[in-house]
Amino acid sequence: MSSDIRPETMERITTPELAGAFIDEQVEAIRSQVGDKKVLLALSGGVDSSVVAALLIRAIGDQLVCVHVNHGLLRKGEPEMVIKVFREELGANLIYVDAVDRFLDKLAGVEDPETKRKIIGAEFIDVFAEEAGKLEGIEFLGQGTIYPDITESKGVKAHHNVGGLPEDLKFELVEPVKLLYKDEVRVVGKELGLPDKMVYRQPFPGPGLGVRCTGAITRDRLEALREADAILREEIEKLDQVPWQYFITVPDLKSTGIKYVEGADGKEEGRRYMGWAAVIRAINTVDAVTAESVQLSWETLCTVRDRIVSEVEGINRVLWDYSNKPIATIEWE
């Protein structure tokens with residue numbers, strides 16, 4: 001499977017048996033390509049990079065060096081899950097980089113969505129390059145390129161190519177799942193023993209919560225977004241039918257609310273305060289080119305609403321975005 005063109009005769013990987021055969025084939029291919037050299041991988045915790053990491057660990061063990069950069073824009077619990085699964089359970093050679101302050105300081109006061117994306121991408125490249133520069137014997141770069149990345153982007157997408165490699169990093173690529181579709185990657189991940197929360201992880205934009213904390217990002221609003229999003233995910237995961245994608249956006253706007261506090265006489269009294277709105281977005285789609293809003297049950301919406309306004313500091317309203325694509329996009333930025 002050295003070509004970038006998927007053979008028409010290639011059987012779709014839909015069963016554990018087919019996934020097992022694919023894994024065996026790729027383990028041999030990786031060992032043949034890499035030999036006794038080291039491979040560097042930017043491990044985001046997303047489906048594609050996680051499956052590639054698990055494949056490489058099976059093939060070459062500690063010859064793989066994973067770098068997980070926490071830029072402060074991940075969802076609640078994601079950095080901890082990456083560390084638990086890969087370092088503690090799979091024994092990966094994992095470097096964890098806490099770059100939260102570095103990213104958020106660069107983003108402070110930046111409102112334009114495209115500028116935010118460029119800052120996040122450029123800073124990720126810098127952090128990754130710095131970590132790579134500390135290592136010796138690295139000759140290969142592992143990437144979670146999948147087949148749609150090749151067919152839709154005429155090459156590797158930016159979030160798989162670490163935003164575009166610096167000129168001085170001359171690595172040969174290792175791309176074991178580049179001929180697979182996303183559903184096939186998930187089947188392979190299951191067969192490799194990755195947890196369901198990682199294998200069936202929601203689609204997540206490269207800039208992370210940076211495009212869901214619209215406008216200029218502040219740390220308090222970002223944290224409110226992270227907590228509200230975790231509540232939505234927790235409640236929707238209880239449903240029998242789960243939408244293709246669901247998340248919270250917290251726009252840069254405030255409205256009047258009422259907060260009950262203890263007064264001077266010891267009794268509760270309502271006081272006005274300005275708080276943010278959490279916006280629920282849930283959609284179904286086949287190709288992400290078009291998307292339809294999912295009609296969540298009133299019971300689910302009320303449960304999410306009540307939990308968010310009572311558990312998340314700074315949010316006093318919960319809204320439901322039931323726009324389709326087009327005319328709305330899936331993400332707000």
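Leu 64 lies in strand S2, where strands are DSSP runs of E of at least two residues, helices are runs of H or I of at least four, and both are numbered from the N terminus. The model is predicted, so local features need pLDDT of at least 70 and side-chain atom pairs count only at pLDDT 80 or more, whereas totals for chains, interfaces and linings use all residues. Residues are numbered from 1 along each chain as its sequence is written, and side-chain values use heavy atoms, with hydrogens and water left out.

**Surroundings of Leu 64**

Leu 64 is buried, with a relative accessible area of 2%; buried means under 20% relative accessible area, exposed over 50%, and partly exposed in between, for a 1.4 Å probe and protein chains only. Apart from neighbours within four places in sequence, Leu 64 is in contact with Val 39, Leu 41, Ala 53, Leu 56, Ile 57 and Asn 93, contact being heavy atoms within 4.5 Å.

**The parallel sheet and its helices**

An open sheet is formed by 5 strands in the order S3-S2-S1-S4-S5, with parallel pairing; two strands pair if DSSP finds at least two bridges between them. Strand S3 (93-98) and strand S5 (172-174) stand at the edges with a single partner strand each, so one side of each is left without a neighbour in the sheet. From one strand to the next the twist averages 30°; for such values, axes are lines fitted to C-alpha atoms, for helices over the stretch in contact, and angles run from 0 to 180 degrees between N-to-C directions. Strand S4 (residues 138-142) pairs with S5 in the parallel sense over 3 bridges, and Phe 140 stands opposite Glu 172 in S5.

Helix H1 packs on this sheet and touches strand S1 (38-42), S4 and S5, its direction making about 165° with that of S5. Helix H2 lies across S1, strand S2 (64-70), S4 and S5, and runs at about 160° to S1.

**Helix pairs**

The axes of H1 (residues 16-34) and H2 (residues 47-60) come within 9 Å and cross at roughly 65°. H1 and H2 are therefore roughly perpendicular to each other; angles under 35 degrees count as roughly parallel, over 145 as roughly antiparallel, 65 to 115 as roughly perpendicular and the rest as oblique. H1 passes H2 in a right-handed crossing, a crossing being right-handed if the near helix is turned clockwise from the far one by less than a right angle, and left-handed if anticlockwise. H1 contributes Phe 22, Ile 23, Gln 26, Val 27, Ile 30, Arg 31 and Val 34 to the contact, and H2 contributes Leu 55, Leu 56, Arg 58, Ala 59 and Ile 60. By class, this contact of H1 with H2 has 9 nonpolar, 1 polar and 2 charged residues; Ala, Val, Leu, Ile, Met, Phe, Trp, Tyr, Cys and Pro count as nonpolar, Asp, Glu, Lys and Arg as charged, and the others, Gly among them, as polar.

Helix H4 (residues 100-107) and helix H5 (residues 113-133) have axes that come within 10 Å and cross at roughly 150°. That makes H4 roughly antiparallel to H5, and their crossing is right-handed. The residues in contact are Arg 102, Phe 103, Lys 106 and Leu 107 of H4 with Lys 116, Ile 119, Ile 120, Glu 123, Phe 124, Asp 126, Val 127 and Glu 130 of H5. The contact of H4 with H5 has 6 nonpolar, no polar and 6 charged residues.

**Pairings of strand S8**

Strand S8 (residues 268-284) pairs with the strands tabulated here.

| Partner of S8 | Sense | Bridges |
|---|---|---|
| S6 (residues 245-249) | antiparallel | 5 bridges |
| S7 (residues 254-262) | antiparallel | 9 bridges |
| S9 (residues 292-293) | antiparallel | 2 bridges |
| S10 (residues 315-321) | parallel | 6 bridges |

Phe 247 stands opposite Arg 281 in S8, and the bridge partner of Lys 259 in S8 is Arg 271. S7 and S8 form a hairpin with 5 residues between them, and Gly 266 in the turn has a positive phi of about 85°. Ala 278 stands opposite Val 318 in S10, while Ile 283 stands opposite Ser 293 in S9.

**Cis peptide bonds**

Pro 326 is placed in the segment after S10, and a cis peptide bond with omega of about -10° joins Lys 325 and Pro 326. The peptide bond from Pro 326 to Ile 327 is also cis, with omega near 25°.
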